[in-house]
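Trainee: I am new to this one. Could you walk me through it?

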Amino acid sequence: MCWLFNSSIGKKVIMSVSGIVLVLFLLFHVSMNVTAVFSEDAYNAICALLGANWYAVVATIGLGAIIAVHFIYASMLTLQNRKARGNDRYAVSSRPKHVTWASQNMFVLGILVIGFLLLHFAQFWYKMMFSEIIGHHEVQLGGSMVSPQAGAEFIKYYFSQTWIVIAYLIWYVALWFHLSHGFWSAFQTIGWNNTIWFNRWKAVGQIMATAICLGFAFVTIYFYVKSFCNGSCCGI
Amino acid sequence: MEKVININLKIWRQKGPKAKGNFETYKLNGISGDTSFLEMLDILNEKLINEGQEPIVFDHDCREGICGMCSLYINGHPHGPDEDITTCQLHMRKFKDGETITIEPWRSAGFPVIRDLMVDRQAFDKIIQAGGYVSVNTGGVPDANAIPIPKAKADEAMDAASCIGCGACVAACKNGSAMLFVSAKVSQLALLPQGRIEAARRAKAMVAKMDELGFGNCTNTMACEQECPKNISISNIARMNREFISAKMND
């Protein structure tokens with residue numbers, strides 16, 4: 001199995017497989033979030049179901065490890081690639097048509113995604129799962145104390161603040177660009193591609209990236225708008 | 001009416017592999033649109049020699065787009081702004097009167113500059129030597145039609161085989177990756193029954209040599225396919241990944 005760590009293709013297989021697992025996680029996460037729009041109780045039930053239960057903790061550690069692997073290998077490959085490019089840069093360079101901007105900036109986009117992830121962890125994970133792990137049954141959220149399992153309270157609190165909403169929307173856009181290239185690229189790297197499947201994977205990737213990011217954005221904007229009405233207007 | 005243009009040239013000059021290079025500018029007047037790009041450089045070199053200056057060193061051989069010897073990164077594109085041709089097939093009618101044309105060598109750690117616009121592409125030969133062949137035992141020549149090959153496979157193999165090994169893919173790639181070249185050379189043989197016998201060993205040996213020579217890792221930007229003078233498809237890269245991964249899995 002050392003080919004996975006020694007060869008260029010092996011290292012990219014690690015990137016592909018970890019990336020696809022993270023996409024699957026995003027699909028789960030967005031489905032969970034959209035639930036909050038339809039029923040806050042249902043969302044809280046999901047939060048309680050996950051909470052600090054052993055399976056959720058194991059899955060979180062697994063996800064953290066996969067994100068770390070994805071990031072570490074991205075850094076290694078990017079450093080190698082810069083070295084392979086040589087010290088002299090082109091004086092005139094151009095992006096040929098059909099070469100997407102995202103495909104040439106995956107590392108920068110990845111850093112953006114991870115940067116906002118830290119903010120997201122500080123706001124949600126640290127006060128929810130982490131608080132529960134260290135044994136707190138109430139956490140400070142704004143001016144009030146809430147249960148770490150009251151997910152809907154967290155959503156309402158954070159997504160009523162304009163700067164947080166803007167930050168999250170920027171995050172989703174960066175994520176969209178990252179996924180729009182990353183998804184089909186993962187299948188290309190594993191070798192599950194040819195001239196026919198090329199367009200299919202690309203289409204599936206675009207639809208999936210759009211669905212994930214629109215889903216997240218929908219929940220964010222929904223609760224932002226709702227925060228103005230205090231639940232009393234427009235029937236929401 | 002024949003197009004005649006005056007041009008400014010910004011050309012990379014570098015005395016040797018270790019020397020520090022820089023751009024020099026030259027003016028050329030009265031260049032006919034029917035002049036090929038390399039003929040234009042010949043005219044410039046003639047002028048430089050007559051003035052007692054060092055001519056510009058650049059690679060070229062067949063001048064009909066089949067040998068893969070000509071290179072040149074012209075105005076931000078390997079083989080110039082025109083599509084699906086090599087530099088030797090590029091003509092001056094593609095440029096405007098008064099235009100400044102920037103000419104650079106292929107820039108990649110795998111292709112060190114020898115002098116001016118000439119780079120060392122022996123790395124490609126080393127990759128081929130590592131496994132880009134079929135072993136043929138001596139004996140009588142077998143009949144060409146003894147082994148049936150489906151037309152679609154034969155066509156795909158032929159498309160892959162149209163790679164002339166010029167290195168434009170490496171020059172175009174932001175990662176200095178040679179995956180398009182190596183995958184074309186793996187594919188042209190992997191698709192045919194004669195090449196299948198050694199397919200696993202070939203994929204492993206060629207990829208290992210490619211990595212060893214310091215070429216970068218493919219990130220599927222597709223710049224190689226877009227700039228390739230022979231339109232080699234990145235589906236070859238997927239095929240090579242498949243060949244390599246399954247060869248390693250079967251070890």
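**Where the chains meet**

Mentor: The contact takes 39 residues from chain B and 36 residues from chain A, where two residues are in contact if their C-beta atoms, placed from the backbone, lie within 7 Å. This is a predicted model, in which local features need pLDDT of at least 70, side-chain atom pairs count only at pLDDT 80 or more, and totals for chains, interfaces and linings use all residues. Residues are numbered from 1 along each chain as its sequence is written, while chains are lettered from A and ligands numbered from 1 in the order in which they are written.

Trainee: Which element gives the most to the side of chain B that touches chain A?

Mentor: Helices (H or I, at least four residues) and strands (E, at least two) are DSSP runs, numbered from the N terminus. On this side, β5 (100-104), α7 (199-212), α8 (223-227) and α9 (235-250) of chain B each supply at least two residues. With eight residues, the element that gives the most is α9(B).

Trainee: How are α5(B) and α7(B) oriented to each other?

Mentor: Their axes, lines fitted to C-alpha atoms over the stretch in contact, come within 10 Å and cross at roughly 170°, with angles running from 0 to 180 degrees between N-to-C directions. Angles under 35 degrees count as roughly parallel, over 145 as roughly antiparallel, 65 to 115 as roughly perpendicular and the rest as oblique. α5(B) and α7(B) are therefore roughly antiparallel.

Trainee: How many helices and strands has chain A?

Mentor: Along the sequence, chain A reads α-α-α-α-α-α-β-β-α-α-α. That gives nine helices and two strands.
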